[in-house]
Structures are given as structure tokens and as C-alpha cells.
Amino acid sequence: MISRLFSFRGGIKPDSHKTESSEASIRNVPLPSRLVVLLTQGSQGAARTIVTVGDKVLKGQCIGEAEGVAGTAIHAPTSGTVTEIGPYPMAHPSGLASPAIVIEPDGEERWITHEPLDPATASREDLILRIQASGIVGMGGATFPSHLKADSEIETLIINGAECEPWITCDDRLMRERAAHIVTGSAILAHLTGARQVLVGIEDNKPEAIAAMRTAIQDMEAVARKCLDADKMNVIAVPTLYPTGGEKQLVRVLTGIDVPPDKRITDSGIQCFNVATAHTVCRALLHGESMVSRIVTVTGSVERPGNYETPLGMPVADLLAFCGVKPGTSRVLMGGPMMGFSLPSLDAPIAKGCNCLIAASNELFSPPPPEQPCIRCGNCANSCPVGLQPFELYWASRAKNLDRAEHYHLFTCMECGCCAYVCPAHIPLVDYFRFAKSEIRARNEERKTAEQARTRFEFRSLRLEREKTEKAARLAAKAAETRAKAASEADSALIAAAVEQAKMQSSVQDKAAPSRDQQT
Amino acid sequence: MLAALLVMTGIALVLGTALGYAAVYFKVEGNPLAEQIEATLPQTQCAQCGYPGCRPYAEAIASGEAEINLCTPGGDDNAQKLAEMLGREFKPRGTPVEKLKTVAIIDEQTCIGCTLCIQACPVDAIIGSAKQMHTVVSCYCTGCELCLPPCPVDCIALVEEPRTPQNWRWKYPVKGLKVVA
């Protein structure tokens, strides 16, 4: 139906390095000795723990409730015993700790009773509540809660299978092996959002995945057909160009719509889900399985690279040990080489947004050559997919001139890394932008609290002033009352005295009168 | 000659009336300079400058009574900003302190409910009443330390705000120096 594809500006073509991990089918990993489920899994807040140490839990049992409308629940990834609730390092560039529930598996993998929902008959509210209760977040890496995205009214639903970042192949393998579930999940999401068409965008370097998805749409399950006609869903092969998998870039390629930086894609009647999210939605609604595992690509300098169905909470060190890390590995990247980060601690557990682990050695990723001065060649501006001028941003960030960086739309930058990739002077541009962004956020937060403190201080001064005048008025009123009372008392005393005097006078007259009578 | 005098007098009268009208009807409320100064102050309301709050200090600077480097939480950065804004000479404070944001915490077991800290708090961030336990609303606390001296049982402590991924900051990129020889 759509014959024409569009293009976005900029972009790069790095070596894909996909075949290292994409040829083997998805494998299971043995359960580690303990699973560390972090309470913070979604980008919009942490869950509230509802178990205590010593509790026996079943696989898929809720162990942390969603807090607030944007919260997401967490579930036990296997059956076992809760042994500890305490802080554990997060898979985050800071290496900060977050509260986590530690479960010791009993090895039985006993599931909690499954409660499937029929998407064709269940109400929309029930379906969205189930997505929230199943703890589903965006699995492409941003971990935005899916129930918030599903609760929108749109025209076009885009299923993101582009997977543009080098090395990562988890979505590729998922589409090849579990296309039917992805298609059903996409149909359910289209039913929830009221979308009239579904576009599945896949980069053309994944022909097997494209073929598998096309076949799955032809043989769509009956339950999915109730939600969406098969001819409304289309697989579209998009040219391989990093970062086509970016939300707004994919929207541009598939529909030709340029979503402005300050708007969301829902404002243009579009919503976008990752293929893995659609798959998880299908498992949660049709099979009653909460989100307890995800597929993680382990690649780079390892003995057995591939894609692994990993229970959430499995420590990174255990997963790498199972895949066999080769000697010479200097660091471990989480996420891809473009947008990922170096893990500060291998004790960090796998979370819902972890799509890829790359064991990096100096042969695979040579250490960056020394940074040289910017020569203003403009390559970065030509490669920027969102039309920024990274060299301007770089100068402003380097000089800590935050206002100037904001003036050049620093917050439009999505840190895709194209500019740093093409920079002939090897300047770590994204590091400067991340630094400037966090400084600006901190400064804005400080301004907000200062403003709050100022208004509270002013209100307090006003209140003290008011209390003082009120007290003065009260005292004055009381004083006036006392004076009036004293005055009235004085008056009545005078009257009494006058009356007394009058009485005295009259009695004197009375005494005097008879004598006068006697005289007369 | 007479015509010229009359014209000039007429113009003077018209302009004078206009200016007089403007002075009455377009009068600026408050002191705009003090407001600009106040916007740069950190609003901790800590009174460490010797004035009972940020606003009074800003007014004192605006009227030329106070030095521009008295603000402890603002530090040298703030003094520098004020020096640029007012065209006054920058005098360093001499005590460069990089302090993390702190908030007051009341040990509720020890608190006797005397309300002295409530009266001292410049931003009404402590709640409680006489002979009842007090507590600090930490999101309003500015860490000004004004509640510490009045407490008769020393049950208030200042703690650093915990680091979370939300308030964690990326470091300034530093390039490593290559060792030669």
C-alpha cells in the first residue's frame, strides 16, 4: 500500500557486526544462585515492595506493586524464597544503588496460576490495567511504561523492528522465531489505541526477519483477526542507516511526517512500540504471563555469542560467565556501542531495558585516539539526524556556557552519537552534551527550589507581620474595653455616691421636719 | 522673539505635565534593582550574611549598605555575578566550599516538642505543635542550619541529600594525559 519511503537528514553507516550473534537461535540460561530484582525498572518511578524476607514466591507472582498511575509492577522471575531486600548497584552509568528484592531460586520454576484475558471481549480499561499490572515497559531501552502509551487515540501504529544499532540482534532473533506473538501483540495494541493501520518497520539487513513477519501476518491467529484485519498490517523494509530505529526517525521514514522536537509523536496521531514490547503484551494478555524475562544479546569478546532468554534480575557477571568471557576483555558495554555505556559494576542485574551486553576488548574497540582541537569541518552537523549544530553545542558545553547550549537546542539532542562517530578530531562530543544536560537540569532544579523557598519566606514574613498587627489590634481592643469598663465603673460609683448623698440629705430633712412641726 | 518664548514655554508646560502624569501613574512598585539582585541569591534564607533573609540582603546591597560577598551558600560564584551586574569590585570570600545540598532531620525519639525550631525556620518547613513530635518537610528545607542553635536537646542533624539517578551529574569530560618518558 505505501509505495514511497521517506528519508531523514544525516545518519551514518557503521559496521553492523550483527552476524556474530544473529546466527544461533535463542537459548535459555541456567538459573543463577540468586536473582536481584530492582524496584526501579520503568523510567517513571519505582515499585512498592509487597513481600518480606522469608516469603515463598511463585514465578510470575507480583512482588512489587505499581505506585501511582505511571508506576510499573515487578514480578518474581522464578519460584523461590525472598532472602534479602536491600540496595544493589543499578545498570546505570553512575553505578548508584537502588533497593532490590533478592530471590533464591528453588529450581522448580513453578508458575502462578495464569489468568488470560480475551482482548476481543475484555474492556479497554481491563486490558490497560493488565498491561500495567504485568509490569510491561518499553523494551527498546527507554523503559517508558507501556500502559501509558497504549492509553492513547491514534491513527497509525508503528512497530519498531529497525534495530539500527550495531552488534544488537535480540529483536532480529525474536522476529525470526516468535513472529506470530509479535503480530498478535501488535494487533492487540492497534485494537487498544484504535489505530487503523499498523506499520512494522524493519531494516533491510534482516531479510529473514522480514520474511518471518510477512508469513506471520498472512497466517494471523484468529484472536488477532478479531482485533485487526490482516491487510491493515504491513511489514516495510527500510534502508539500513543509523539511527533509523529512533522513534521520530522511523516515523519520518515510514510516514513522511516530521515531528517537531517539542511535540510527541502522539500529537501527530502516531504511536510506536518495540517488537519485543508487542511480544510481551501478547504473552501478558493471552497467556497471563507477567514480564519476568527478556532476550539479551551477549556478544563481543565471548566464547558463545548469541541471544539468551534471561530472567530479570540475573547478575551481569553470571550471564557473562555462562557465555564465557575471553581473556583480554577490558570493559563491558550495556546497550550498543553507539548509545550504550560502560558498566561500572558487573554485580548490576539485568533489568527490563537491557537489550545487549558487549564484552569489549582492545582488539574489537580500540581505545579512542587522543582528542584534538575542533577544526570546524562541519561533518558533525551533516551527520546529525535532528538537524543540530554539534560544534556550536560543543563549544558552549566545553566553556560551561549553559545558556548558549540551550539556545542551540541542546535538549533536542538524543545522544545518538553520529557526530562523535564522524568527528575527525575524535572529540567525545556526546560526553560533553551529557555533561551540559545534567548541569542544566541541576541548575533548573536549584532555581525551582530557590523560587519555592523565596515564596515561602515571603509568606512567612507576611504572616508574622499580620500576626503582629492582629495582636496589636487585639491588645488595643482589650485596653479600650478595660478603660471603658473602668470609666463605666467610675460613672456608676459617682451615681451611687450622688444617690447616697441625696438619701442622706433627704433623711436629714426628714429628721428636721418633725421638729419644725413641733415648733409650728 | 515673543512668539519663540511662548512656543518654548508652551512645550515646557506640555512636557512637564506629561512627565508629572507619568511619575504618578506609571510609578514602579518596589526596587527593581533589589529584585534583580534577589534573583541571583540562592534563597536559602539562612541569614548568614547578617540580614534576616535574602530579600533584606538584596535591598541592603541595592542601597549600597552591604558588601556583595557576604552570601555563604552562594559563595564566590555569586559574588562574581553580583560584581558583574553592579559594576562593583569583586572581593573573594577566601573560603571556597563545594557543599552538597543538605536537609535537616529531626530525631523524633529525642524531640521534646518545644516548638523553638518551628519559630526559627525561615521557610516554615518544620511541622508540629507544643508537646507534640516535630518533623521536617524535607522538600521545603533549604539546609540553612537556623534550627540547630535553638534546639535544647540537640535532636536536629543536617544530612546530605542522597544521590539518585535523577540528581546524579555526568562529569566534565577529561582527556587523559599520555605519559612520555
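With which side chain does the side chain of Thr169(A) make a polar contact? The partner is the side chain of Ser21(A), at 2.8 Å, where a polar contact is a pair of N or O atoms within 3.5 Å and, within protein, one must be able to donate a hydrogen and the other to accept it, while residues adjacent in sequence count only if both atoms are side-chain atoms. This is a predicted model, in which local features need pLDDT of at least 70 and side-chain atom pairs count only at pLDDT 80 or more, whereas totals for chains, interfaces and linings use all residues. Residues are numbered from 1 along each chain as its sequence is written, chains are lettered from A and ligands numbered from 1 in the order in which they are written, and side-chain values use heavy atoms, with hydrogens and water left out.

**Around Thr169(A)**
- Thr169(A) lies in the loop between β9 (156–161) and α4 (170–177) of chain A, with helices (H or I, at least four residues) and strands (E, at least two) taken as DSSP runs numbered from the N terminus.
- Thr169(A) is buried, with a relative accessible area of 0%; buried means under 20%, exposed over 50% and partly exposed in between (1.4 Å probe, protein chains only).

- β15(A) and β16(A) form a hairpin with six residues between them, and Met334(A) stands opposite Phe341(A) in β16(A).
- Gly335(A), in the turn, has a positive phi of about 85°.
- Gly340(A), in the loop between β15 (329–334) and β16 (341–342) of chain A, is buried, with a relative accessible area of 18%.

Conventions:
Two strands pair if DSSP finds at least two bridges between them.
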